Amino acid sequence: MNVFDIIGPVMIGPSSSHTAGAVRIGRVVNKLCDGHDPVKIRITLSGSFAETGKGHGTDKALLAGIMGFHSYSPDVKDALSIAKDHGLDYTFTNEDIRGAHPNTAKIDFETSDGKSGEVLASSIGGGNITVSRVNGMKVDFNGSSNTILVMHMDKPGVIANVTNMMHWQYEDLNISNFSLSRQEKGGEAIMTIVTDNLPPETLIEDIRKIDHVINAILIRRL
Amino acid sequence: MKYESIQELVDEAVKSNEKISTVVLRDQAAAMDKTELELLEKMEIDFDVMKQSVITGGNKDLKSMSGLTGGEGFLMREYADSKNTLCGLFLAGAMSRALSVSGCNAAMGRIVAAPTAGSCGIIPGCLITMCEDRGVSEKDAIMSLFTAGAFGMVIASRASIAGAEGGCQAECGSAAAMASAALVELMGGTPGQCADACALVVASQLGLVCDPVGGLVEIPCIKRNATGVMLAFSCADMVLAGIRSKIPADECLDAMRAVGDALPDSLRETAKGGLAATPTAKKLSQNDHSVP
């Protein structure tokens with residue numbers, strides 16, 4: 001935590017958790033779209049997001065984030081009409097997600113290049129978020145650190161290859177947290193690598209070149 | 001610094017014979033690996049957004065998303081300018097600014113969460129008033145935001161700044177406590193007096209519940225921003241008069257956390273208790289077409 005977590009963020013109101021946090025959850029989806037336009041969005045709102053979301057503009061905020069807007073962008077207010085203008089196919093459903101934080105959204109998305117994915121994330125207060133699931137796999141990261149998500153096949157040596165490359169080619173980069181999750185043995189897996197400082201974009205390119213890596217995404221500190 | 005105790009802030013400032021804001025700016029620049037100038041520039045942007053939100057929110061025709069609130073800042077400004085107020089132009093003006101910023105927030109305008117969106121009017125209400133009506137320089141007001149922020153960091157780690165966790169005492173209470181400490185510093189008070197101002201505000205708001213009508217950041221949040229401003233000024237003035245807080249600030253914060261923990265779920269932002277459970281509140285939220 002630093003002083004700007006308290007005096008800040010600059011945001012579009014009315015709620016740091018229901019509006020600013022929701023934009024940030026949307027932005028995680030935007031990052032996972034990996035430069036392609038989101039074309040189909042299915043949003044499930046749970047708990048307080050479902051109960052009071054509309055009066056807080058949570059729907060607008062999530063879509064704004066998915067389209068890549070920031071929580072301080074005046075466009076948040078007009079996100080529904082902007083989404084319609086872009087031909088974005090979106091729906092909202094209210095459903096109680098068992099065991100989830102009160103402010104939780106599940107977002108299923110499809111992109112213009114035909115890929116699809118899913119994010120489960122919660123807004124935990126003051127605009128801070130935690131992401132707990134990506135593409136059906138358990139993850140645990142928040143918006144206050146720089147996070148690299150590496151989607152890869154569950155094969156021996158992939159983790160060593162990624163971390164070795166990071167160590168040898170980006171020696172200043174320190175990993176502060178690491179976790180791994182997989183769908184099934186030998187299936188798709190996801191590495192969550194949190195770093196102290198902001199990794200350069202070239203690192204992401206280098207990770208993508210490693211065998212059995214499907215994709216790598218950098219989610220900057222929000 | 002760890003920002004886990006108010007006493008730590010006071011001790012560090014006293015040790016180097018500086019203001020709390022000076023110590024915090026230096027410490028945060030080092031922690032964030034940036035220069036002090038970069039941090040000041042970032043804080044200046046926040047201050048500019050605060051000033052703009054006073055203007056946006058002061059619009060006569062401003063309406064919130066739900067249509068339940070709007071225009072409070074305008075009414076208070078007109079009344080303040082009539083010069084026939086109980087509190088005087090200075091405090092009435094501060095209330096009008098707090099109402100405007102909070103109204104701007106409810107209308108999906110741009111604000112600075114300080115520490116949260118629901119309590120975003122209190123710090124600008126106090127500090128912009130010090131600049132515009134008391135001749136404090138913007139540079140000093142921006143510096144004092146580092147003091148406010150440091151107190152906020154300790155409150156966040158020791159108690160809470162989320163209504164869903166600690167009730168409104170954690171949101172409007174925290175904002176008023178942070179603002180009061182900043183006001184004392186701007187008036188030339190000692191670091192210890194800043195801590196006492198924080199303590200007095202926390203003691204005055206202890207137990208305030210979070211009970212938003214319809215779950216929206218509007219009723220009673222917007223008006224609590226105006227009363228929060230009054231609390232910040234009154235506690236700062238008590239301290240500057242030489243009155244001490246008998247209970248140290250850190251112990252007040254521990255009490256705030258314990259009280260927050262003891263609050264039932266219904267009084268922590270769920271809109272199931274307090275004002276939100278009154279017959280009128282239920283009627284208001286039913287008429288609100290934007291509630292799903």
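I started with E1(A) and strand E1 of chain B, residues 110-112, and found them paired in the antiparallel sense over three bridges. For me, two strands pair if DSSP finds at least two bridges between them. Helices (H or I, at least four residues) and strands (E, at least two) are DSSP runs, numbered from the N terminus. Which residue is the bridge partner of A:Met11 in E1(B)? I got B:Ile111.

**Ground rules.** I'm working on a predicted model, where local features need pLDDT of at least 70 and side-chain atom pairs count only at pLDDT 80 or more, while totals for chains, interfaces and linings use all residues. Residues are numbered from 1 along each chain as its sequence is written, chains are lettered from A and ligands numbered from 1 in the order in which they are written, and side-chain values use heavy atoms, with hydrogens and water left out.

**The A/B interface.** I looked up contacts (heavy atoms within 4.5 Å) and got 30 residues of chain A against 43 residues of chain B. The buried area comes to about 2800 Å², with carbon and sulfur atoms giving 68% of it; that is accessible area (1.4 Å probe) lost when the two parts are put together, summed over both. On the chain A side, A:Phe4, A:Ile6 and A:Ile7 lose the most area to chain B, together 25% of what that side buries.

Next I checked which elements of chain A give two or more residues to this side: helix H1 (3-6), strand E1 (10-12), helix H2 (16-32) and helix H3 (48-52). H2(A) gives the most, with four residues.

How many salt bridges are there between chain A and chain B? The count is zero, taking a side-chain nitrogen of Lys or Arg within 4 Å of a carboxyl oxygen of Asp or Glu.

**The sheet in chain A.** I then traced an open sheet of four strands, order E9-E10-E8-E11, with antiparallel pairing. Strand E9 (175-182) and strand E11 (213-219) stand at the edges with a single partner strand each, so one side of each has no neighbour in the sheet. E9(A) is joined to strand E10 (residues 188-195) of chain A by seven bridges, and I noted A:Ile190 in E10(A) as the bridge partner of A:Ser181.

**Helices on the sheet.** I found H2(A) lying across strand E8 (146-153) and E11 of chain A, at about 140° to E11(A). Helix H7 (residues 201-208) of chain A also lies across E8 and E11 of chain A, at about 165° to E11(A). Axes are lines fitted to C-alpha atoms, for helices over the stretch in contact, and angles run from 0 to 180 degrees between N-to-C directions.
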